[in-house]
Amino acid sequence: MTTNVNRRTVLGAFGALTISVVLPGHKARADVFGATTQPPLKPENLSSYIQVNADGTVVAFWGKMDMGQGTDLGVAQMVAEELDLPISKVFVQQGDTATSINQGGASGSTGIQQGGTALQSAAAEARYQLVDMASKQLGVPVSGLKVDDGVISSLADPAKTVTYAELIGGRFFDTQLEWNQKIGNSLFVKGKGTIKPVADHKVIGSSPMRRDVPWKVMGTGDYVVDIKVPGMLHARVIRPEVAGAVPVEVDANSVKDIPDVQIIRDKGFLAIVAPREWDAIRAADQLKVTWSDSTPNFPTQTGIFDHLRNAKSVHREPGEDVGDVDAAFAGAAKVIEAAYEWPFQSHASMGPACAVVEIKGDSATLWTGSQKPHFAAAGVADILGMPSEKVHGIWVPGPGSYGRNDAGDAAADAALIAKLTGKPIRVQGMRKDGTGWDPKGPASIHTARAALDKDNNILAWHFESKGFSRVDVNSNESATRDTLAGQLIDTPLKPGVGFGVPEESYGFPAKRKAWETVAPLLDRASPLRTTHLRDPVGPQIHFASESFMDEVAYAILVDPLEFRLKYITDPRDIAVVKAATEKAGWQARTAARRQSAGDGKFKGQGMSYAQRSGTRVAVVCEVEIESKTGRIWARKFTVAHDCGMIVNPRQLTHTIEGNIVQAISRSVHEEVQFDDKNVTSIDWETYPILDITETPETIDVVLIDHKELPPSGAGEPSMRPVAAAIANAIFDATGVRIRQAPFTPDKLKAAGLA
């Protein structure tokens, strides 16, 4: 497929091409409302968020984008609700820097929670303005009007009507909003219009069908790999066999038999470009390069956790400190402690990243599959030395993301090569690039201790995490220094520090939570750079904290559910825990039951729970384990989910199901392999993920809808408690406590599986 994209075709495809005429059959306006020319794209302008077309449809300009969960449909529902329109008349234009304000991209499950609520507020103001226009047009007070399906009519005289299209269709709102002066996830705007009361909802809470499924199933749409522009060259970036090495000599004669090949080199950056993609692939494979000596500070694969234990901390931060923890441990009748380990993990997107960059004069265009196209465009501007407003970033569906994967690096690579060649450049990675060189989720270790009195009541709880930073390279892709290309051309570094602590509401008398980070193994151009991976550091933290909850419960001969309910303080947390365990048919126990599932298999049941940014999730997992091989099948999950108001129940359920499947994969399979030279897990054999034969037989979802509360994030929270639930179910099935992910058969057998 070939896509030649410009702004007019993009807007036209979403019904956003404006026509400043009154359509046949429409009433002539008694007054002219709105502006004939579009106001500047600024956060304070209502026109930056909502537009009424000449045919009465509405376009919402969303500065985020959907990564396959249908979040854009939820946003359309929120806008449709406020405008009293059916969902069929509202379209969302997403991830385009020319048409939307930067709302942070797909980030931290904020699509509905922050991005959607901002547009909902803008839509409420649009409705307010439209009703005010209608009042003037019809000569009826605002209080005497009603709105239905984009038609405003008089309550006293239903024959008096005017449509949104007649009022402003094809023109632009010239209203200004209050905004909070925050660009990104936190951006919020407000006008005079108020959000509808929940009792009046007709669209929010329903489950209309997604719009992206047909073209994805039928293959009729384009992905970022399909973008082509005239004169475009294909590029492959060449990575060293030993991490940290840079090219010393490049033998141009080694590729002279391949037509029109160019070698692109800037300091440590090396690439091949050619008019034909296959020629670029061949040349990249064939080019002879002499690399500098490099000895990356990579420990052995099995030594990574000892490295973390022994490495000097570069930053430490408390997460919670309540009561006198030290005194409680000093006077405890019993102390229970354990340590847990989590490996580096790859994004392992369905395909390696692709990006296209075209420079024209003093401006440029980026086509990207990044989940943060506004920031990716700013990163391209940084490399090109242009003001950020001179780079038009266009999001095109890619192979997935769920964090800072290799899409940002592809954009930077394409920008640098376009700058050096003066040609439009398409960069496409190979499988080994996508899995071997993407930024990774950080490896970490976690220690937990509990102090108990003589009656086995908890006196104090102490939890600490130590790992590589989750923002060694920033997740938003806006700075050259956070990309491989930028680091290879010697851009000064500014690594970030960050990790996290468990989110829960256990009310122990004394409680301490803290985290610390260590320096990266290789500070520049590392295949083990660490950054955000879906629910950044949430799975590993809660694997440890919720596994330890089980360990303490069993140590004092108390049922794990009973133990949790004794200490959880938040009523919403209690509700999700009870909902999940009641639905799953939780069976109380004080020791591992080691129940037979027949055919030499054991079965077990485990639970866990967590908060994430206002959302509460509890999970019950049922596993079957083959006693001879140690093979684990997480066969059933029951999930209770509370994210406040539910906008689209079906999409929420599907999102939860996706979280569960991906979290199982990360729990039982995924671990970046490396040696003293480089990452060695570079394909699906060396970095396996869950296949369809291993997916759960059943995922039961219990949705708790708090219509009185604003919606909170749902894209990541249900991933958070999965690993612990599986580990706890493994213990119930086998009596084996596994404290290192992933939970492979070899690890089960090494831990004592008979």
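Asp84 is found in the loop between α2 (71–83) and β3 (90–94), where helices (H or I, at least four residues) and strands (E, at least two) are DSSP runs numbered from the N terminus. This is a predicted model, in which local features need pLDDT of at least 70 and side-chain atom pairs count only at pLDDT 80 or more, while totals for chains, interfaces and linings use all residues. Residues are numbered from 1 along each chain as its sequence is written, and side-chain values use heavy atoms, with hydrogens and water left out.

**Backbone geometry**

- Most residues other than glycine have a negative phi, and most peptide bonds are trans.
- Asp84, not a glycine, has a positive phi of about 55°.
- Asp84 counts as buried because its relative accessibility is 12% (buried means under 20% relative accessible area, exposed over 50%, partly exposed in between, with a 1.4 Å probe and protein chains only).
- Ala525 also has a positive phi, near 50°, and is found in the loop between β22 (510–518) and α13.
- With a relative accessible area of 9%, Ala525 is buried.
- Ala741 and Pro742 are joined by a cis peptide bond with omega of about -5°.
- Pro742 is placed in the loop between α17 and α18 (745–750).

**The β23–β27 sheet**

- An open sheet of mixed pairing is formed by five strands in the order β23-β24-β25-β26-β27; two strands pair if DSSP finds at least two bridges between them.
- β23 (595–598) and β27 (698–704) are the edge strands, each with a single partner, so one side of each has no neighbour in the sheet.
- On average, neighbouring strands of this sheet are turned by 25° against each other, direction ignored.
- Strand β26 (residues 632–642) runs parallel to β27 and is joined to it by seven bridges.
- Phe637 has Ile699 in β27 as its bridge partner.
- Helix α17 (residues 722–734) lies across β23, β24 (601–612), β25 (615–626) and β26, at about 150° to β24. Axes are lines fitted to C-alpha atoms, for helices over the stretch in contact, and angles run from 0 to 180 degrees between N-to-C directions.

**Packing of α13 on α14**

- Helix α13 (residues 538–555) packs with helix α14 (residues 560–567) at about 110°, their axes 9 Å apart.
- α13 is therefore roughly perpendicular to α14 (angles of 65 to 115 degrees; under 35 is roughly parallel, over 145 roughly antiparallel, the rest oblique).
- Contact (heavy atoms within 4.5 Å) involves residues including Met549 and Tyr554 of α13 and Phe563 and Arg564 of α14.
- By class, this contact has six nonpolar, no polar and three charged residues (Ala, Val, Leu, Ile, Met, Phe, Trp, Tyr, Cys and Pro count as nonpolar, Asp, Glu, Lys and Arg as charged, and the others, Gly among them, as polar).
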